[in-house]
Amino acid sequence: MRNLTIRNTLRSHWISRLWIFSILSITAVSIAYAQSTYPNRPIKFIAPFPPGGTSDVIGRIMAQKLSDALGQSVIVENRPGASGNIGHDIAAKAAPDGYTLLLSNSSTVVNNPHLFKQMSFDWYKDFSPISMVAIAGLVLVVHPSVPVKSVSELTALAKSKPGQLNFGSGGKGIQSHISGELYKTAANVDIVHIPYKGTGVAVADLVAGQIHMVFSDMAPAVPFIKANKLRALAVTSPQRSTTLPDLPTMIELGFPNFEAANWWSIVTSKGVPNNIIERINQELGKIMTSQEIKDSFEKLGVTPLYSEPSKVFELSRKESPIVGEILRKAGVEKE
């Protein structure tokens, strides 16, 4: 009887082990199959800023091109708020299956850690980078009612009216905010920051005459510049913009080291299999070097980029201490 009990126990033990092994094998095969057939359903593409701004326009262009390349719908979801933090947080918490992508922006991942005491995500721990996709300088625009036609005249006016002029931005920590703070320090002027939920919203209020100036992305500002509804004074890139070639750079105007640019990258949640990341990176390599993308981005005042995944984190690590020093000198504290 005792031997029979032992045999039954051993038999149950091996059956259990075989059952577990079978489940694990099936799971492994299922995962491998899912990876090999990626993508087999629509992909969510999070744009962490409101419609109308450069990030939104870039996101929609990229979504369409990725959809064509991957053979699946890539659906843009605008998730604005907290200077891009909300959209990044949503993407960070997404399942690591490659079906949630994020158009990340340097303002959020480089600037925000110096502006917020608490961040709901960790850029380096919660994301897997895929590739850089774009970089662009900003344009300084004023409402036509502001009686200036150059940066020197603007500076003189601001000095004659300390605290009376204001500048709008796409939100606290957005590059348009950093550029305004950099101008305040470089020109030694007292102008008031008014944050909005997106640069497009700030530009709309500027056109309406509600604020005096904005360091704006090209996309929302250029149509109003060409329609003479806004006056452009300078660009923040180290070289003149191909979109507005007649505008001087801030460096040309006597502000050495005044270089401010936004850059964008595509990332996904941490843990996404490498073969999926490699697949998307390879497709982006073809997309970002195409003449069609170059032409589309030039209209936005944006330069297309492509990189190995590691370059995304390398750039953010390089820029972070520089931005931190600008904010420290401007007296901007974390909130």
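Reply: Helix α2 (residues 54-70) packs against helix α10 (residues 274-288) at an angle of about 115°, and their axes lie 10 Å apart. Helices here are DSSP runs of H or I with at least four residues, numbered from the N terminus; axes are lines fitted to C-alpha atoms over the stretch in contact, with angles from 0 to 180 degrees between N-to-C directions. The model is predicted, and local features need pLDDT of at least 70, while side-chain atom pairs count only at pLDDT 80 or more and totals for chains, interfaces and linings use all residues. Residues are numbered from 1 along each chain as its sequence is written, and side-chain values use heavy atoms, without hydrogens and water.

The crossing of α2 and α10 is right-handed (the near helix is turned clockwise from the far one by less than a right angle). On the α2 side, M62, K65, L66, A69 and L70 meet R279, I280, E283, L284, I287 and M288 of α10 (contact means heavy atoms within 4.5 Å). By class, this contact of α2 with α10 holds eight nonpolar, no polar and three charged residues (nonpolar: Ala, Val, Leu, Ile, Met, Phe, Trp, Tyr, Cys and Pro; charged: Asp, Glu, Lys and Arg; polar: the others).

Helix α2 also meets helix α11 (residues 291-300): their axes come within 11 Å and cross at roughly 170°. The two helices are therefore roughly antiparallel (an angle over 145 degrees). This crossing of α2 and α11 is right-handed. Here V57, I58, I61, M62 and K65 of α2 touch E292, I293, S296, F297 and L300 of α11. The contact of α2 with α11 comprises seven nonpolar, one polar and two charged residues.

Methods
Angles under 35 degrees count as roughly parallel, over 145 as roughly antiparallel, 65 to 115 as roughly perpendicular and the rest as oblique.
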